[in-house]
Amino acid sequence: MARKIGWAALLAAGLLLPLRVYPVLAADILAWALFATAFDIMLGYTGLLSFGQAAFFGGGAYTAGLLAQRLGVPYPLNALAAALATGLLALPLMGLAIRRRGIYFAMITLAFGQMVFYVVNEWRPLTGGENGVQGIPRQALAGFDISSSTAYYYAAFPLAVLGLLLCWRIVRSPFGRVLLAIRENDVRTQTLGYAVYRYKLLAAVLSCALSGLAGGIWVINHGFVALDAVHWTTSGLVVIMVLLGGMGTRLGPPAGAALVLLLRDFISTWTDAWGVVTGTIFIAVILVFRQGIVGTVERLLEARTRPGPETAAAVEEAASTHGG
Amino acid sequence: MEIVLVQVFNGLISGAFYALLSLGLAVIFGMLRVVNFMHGALYMLGAFGAYLLGVQLGVSFWWALIVSPLAVAAVGFLLERTLLRRLYELNVLYNLLLTFGLTLVIQDAMRLRFGIQGVPYSIPPQLRGAVLIGFMFFPTYRLFVLGFSVLVCLGVWWLIERTRAGMIIRASTEHPVLTRALGVDVDRWIPLVFAFGVALAGLAGVLAAPMRNVSPLMGADLIITTFAIVVIGGMGSILGSVVTGFFVGVLSALGAVYYPPAANTLVFVLMAVVLLLRPSGLFGSPEAG
Amino acid sequence: MQRGGAVICAILIVLGPMWPAAGQGTVQLTHGKVVLAVINDQSGVYADIGGKHGVEAVKMAVEDFVKKYGPNAVGGPIEVLSADHQNKPDVGASKAAEFYDRNNANAVIDVPTSSVGIAIAHVAAQKHRLFLNVGAATKALTNEDCNKYTFHWAYDTYMLAHGTGTEVTKRIGKRWYVVYPNYAFGQDMNRSFSAAIQKAGGKVMLSDATPFPNETEDFSTFLIKARTLRPGGVTVLGAMQAGQDLTNLVKQFNEFGLRQQGINLAIGLLFLSDIHSLTPAALEGTIYTTAWEWNMDRQAREWSDRFFARDKTRPSYPVAGNYSATWQYLEAVRRTGTDDPDKIVAAFEGYKFNDFFVRNGEIRKQDHAVIHDAYLAQVKAPGDVKEPWDYVRILNTIPANEAFQPLSENTCHMAR
């Protein structure tokens, strides 16, 4: 019962957000919450730390933006098409990257992300290079008027929520269980008969496609996109969001996304030291709060509802491997 | 034909920076299993170190070549002892993330202090002017950079292959448990090796200061190319990193001549090819992952 | 933060119409105050050209205006906001949208970096608010990217190319190698200069794009290429880089000793701050086109002395342009008695005026270009510099109609 109230409260908060926060920022939070949650499928559940997700988020943004600007494709079709395109992009890139594990995988994804950045920069006739894509129209299917920022938020909300639900469905399924096994010990999982490579690839492709969807939502919010969207700082930012919020949890990534964006908005009115603040918080999270905010809260709640020394010790152990 | 030779020469010089950086990265990874995302930021600190030494203390470039890398080594030593050490028991990815966070902080702090456009650092008077190579005048300083880097790489190779300290490092890298069992205090060497690796980055920074723009983000994109180089060369291999570094420099320079749009992406395409055909790298030994 | 701002706005909106003052009631403001947002590069490659100096110029204009016409000059307080666009179109466009939405900015002023300028022009058109671009060079702002609410104030690539390209081809050399930074500004300069050079009887043998932003700031590949172009070699290297890029290019040009090997350097866009950081010795004799120089005549000098008293630097011309744009905007508000964007646009179109910056100026109705006299200038030899910052002599004046793109070549949709 408490859970149902909790979810209802969350839904209400989501619906009322643009009244409290600048609507453009609110819609950004939706997009990044989806991006972070999609990324967590790889990081929190499969144990794949990709440092190149900007290729998919930004790639999705450019795809949706160009479809809207050049071919007049309306929202949400442009965002959905972006998801499809980035899923296809993920096949060769992730297909190659998954050949290595752990650190190597991280470095390779970083490198591929950079490669996509350079390709987008050089493919000027399509992407405008340094100039970016300007004047992206905001039209909805069936002629709804979503030109105001608030109207767009309410148009983006259902799509973002559907994306989130899909992410959660993926990880809370038999498929998701195998991903967790892979995260804990992929060699063992392989010997148990699972085609680990294929599971990893599927998880990665789904994650990247949903990241592309997030990019599509994001670009229609702003009406323009430029190289920042495919830059490695964007890849780094989503990693920070997931770690801060709590990887491997349902609400962690969205919470992390909201927190980081609101913090950035708040800080930039006072000071320019955004990078130092984010970096410091991130370092503190890595050193002390590896479970992230939601993860730490969940751990505390679990510990409280499970008395007894042996069980407490067992929970401690489970929780620490959960974060590693 | 001559223009190709001159561009190749130019490429060797940018390759020298890649070689020095990937050398430091490979040494650190080999010993600590830490992928030091900060390497680019420490290279930048080395360059700023030279600038500050010159501007505040009137220290010449030649002294800066020694002092600045030592200062960067000290910073590295400190960071390793206070922060990195805490995460050795955990998955290596955590240290990658930690060094990533440190990179953000270092780069942004420098930006706040010095602005993003950078500070000027001039070529030392002894190395000004140009030398006639074939038909082309080549700045003397760039020739110096090439020669000096090759010397440093050779020096490091000699250190690791031919000295007792190097032997211990190699042993600790390949068989840490066995080395410990034989009575070597491996843990004592870790911070020193880390400091040495980052000193190489700092040295590259000092070399870069007169010829490149000394700015807070000067190492930011460099580090990613360096990662690709280390993947191509093979993570454990020092020779691989150096050779690949020079090779990539030349490749990019030739790319800039014949097909400029691709110049930046060549290294990543090469990385993809290596991953397909020989995942452990050109010079690396096959290892898990 | 938002709540506090909303409360302050609410108070001002309620109190605004109640402010007692003589002449009150002659200007009706939509939100009870005039908000001017200066967006430029404050920390990057173009920070010295405008940056904080540009913001200072706008503030000075506001203060001078209030001094001249009284505190109720425009029927309410005048607020100056500023932001750093970091030379990124997405950052700039976001900031502009925020200023228009959250702060009810009446106008965005300055914006160097042509890609950002174009991005903000689109935002201004969408939000129906004014955009007075001073800092960017691309003539796209008055051609394919023109719109009702965008005005291009100080200079553009046509002015630069027509002046410098023609003169240098005639006086110095006919065989060019052009290098330009690979974004809207550089691409535009390349096109404009190539056209002007050909018209003057010269030939562009090759043009190459340099990365922008250029992290390594290493132009050696291109400088080597300049020396090795066949057949026949080049006599002029046309550098379209600006700001810090230009400084590094010129330094390396000298390092590689290209001048001694018979290659002259022509610079597409040169500002006082560039000459200051490179020193006249490095640029002696360079001919270039300028919109204004601080000591070109008495009127300019008077203004510059007052600016020097505040800012301790001699201004590059975009800084002066900021003052001029701000002043003319406030004058327009006074004249029309409102800050309604459409009425201001109508007041601007076809307006002819002179101030310390704009001579024989007109805000053209067809493309919203502010045309004015331009000048051919030359960097003095170190020996001829009589006082600090006295680096430039004016060779001749290019009249307004000649300096800027003729309407016959214009592609702005409003001109139809």
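This report describes the interfaces, salt bridges and a surface patch of a predicted model.

**Interface of chain B and chain A**

Chain B and chain A meet through 45 residues of chain B and 41 residues of chain A. The area buried between these two chains is about 4100 Å², and carbon and sulfur atoms give 78% of it. Across this interface there are zero salt bridges, while four residue pairs are in polar contact. On the side of chain B that touches chain A, helix 4 (92-114), helix 9 (220-233) and helix 11 (266-277) of chain B each supply at least two residues. Helix 4 of chain B provides the largest share of that side, with 16 residues.

**Interface of chain A and chain C**

Here 15 residues of chain A are in contact with 25 residues of chain C. Chain A and chain C bury about 1800 Å² between them, and 48% of this area is on carbon and sulfur atoms. Two salt bridges cross this interface. C:Arg102 and A:Asp265 form a salt bridge in which the closest N and O atoms are 3.2 Å apart.

Over all chains, the structure holds 28 salt bridges.

| Salt bridge | N to O distance |
|---|---|
| C:Arg306 and C:Asp64 | 2.8 Å |
| C:Lys139 and C:Asp188 | 3.1 Å |
| C:Asp305 and C:Arg301 | 3.9 Å |

The salt bridge of C:Arg306 with C:Asp64 has its closest N and O atoms 2.8 Å apart. C:Arg306 lies in helix 11 (residues 298-311) of chain C and C:Asp64 in helix 2 (residues 51-69) of chain C, so this pair ties together parts that are 242 residues apart in sequence. C:Arg306 counts as partly exposed, at 40% relative accessibility, whereas C:Asp64 counts as buried, at 11%.

The side chains of C:Lys139 and C:Asp188 also meet in a salt bridge. C:Lys139 lies in the loop between strand 4 (130-133) and strand 5 (150-152) of chain C, and C:Asp188 lies in helix 6 (residues 184-199) of chain C, so the pair ties together parts that are 49 residues apart in sequence. Both C:Lys139 and C:Asp188 are buried.

C:Asp305 and C:Arg301 both lie in helix 11 of chain C, four residues apart, or about one turn of the helix. C:Asp305 is partly exposed, with a relative accessible area of 35%, and C:Arg301 counts as partly exposed at 28% relative accessibility. Salt bridges with shared partners join C:Arg301, C:Asp305, C:Arg314 and C:Glu387 into one network.

**The surroundings of C:Gln244**

C:Gln244 is placed in helix 8 (residues 243-255) of chain C. With a relative accessible area of 15%, C:Gln244 is buried, because buried means under 20%. Apart from neighbours within four places in sequence, C:Gln244 is in contact with B:Gln117, B:Asn213, C:Val45 and C:Glu217. C:Gln244 and C:Ala47 are 197 residues apart in sequence, and 8.8 Å apart in space from C-alpha to C-alpha.

**A nonpolar surface patch**

A:Leu11, A:Leu15, A:Leu16, A:Leu19 and A:Tyr154 make a nonpolar surface patch of about 480 Å². Helix 1 (residues 2-20) of chain A gives the most to this patch, with four residues. A:Leu16 lies in helix 1 of chain A and is exposed, with a relative accessible area of 51%.

Terms used
Residues are numbered from 1 along each chain as its sequence is written. Chains are lettered from A and ligands numbered from 1 in the order in which they are written. This is a predicted model: local features need pLDDT of at least 70, side-chain atom pairs count only at pLDDT 80 or more; totals for chains, interfaces and linings use all residues. Side-chain values use heavy atoms; hydrogens and water are left out. Patches are made of residues with over 30% relative accessible area and no salt bridge: like charges are joined within 9 Å, nonpolar side chains (Val, Leu, Ile, Met, Phe, Trp, Tyr) within 5 Å. Accessible areas come from the Shrake-Rupley method with a 1.4 Å probe; for residues, only the protein chains shown count as cover. A salt bridge is a side-chain nitrogen of Lys or Arg within 4 Å of a carboxyl oxygen of Asp or Glu. Buried means under 20% relative accessible area, exposed over 50%, partly exposed in between (1.4 Å probe, protein chains only). Contact means heavy atoms within 4.5 Å. Buried area is the accessible area (1.4 Å probe) that two parts lose on being put together, summed over both. A polar contact is a pair of N or O atoms within 3.5 Å; within protein, one must be able to donate a hydrogen and the other to accept it, and residues adjacent in sequence count only if both atoms are side-chain atoms.
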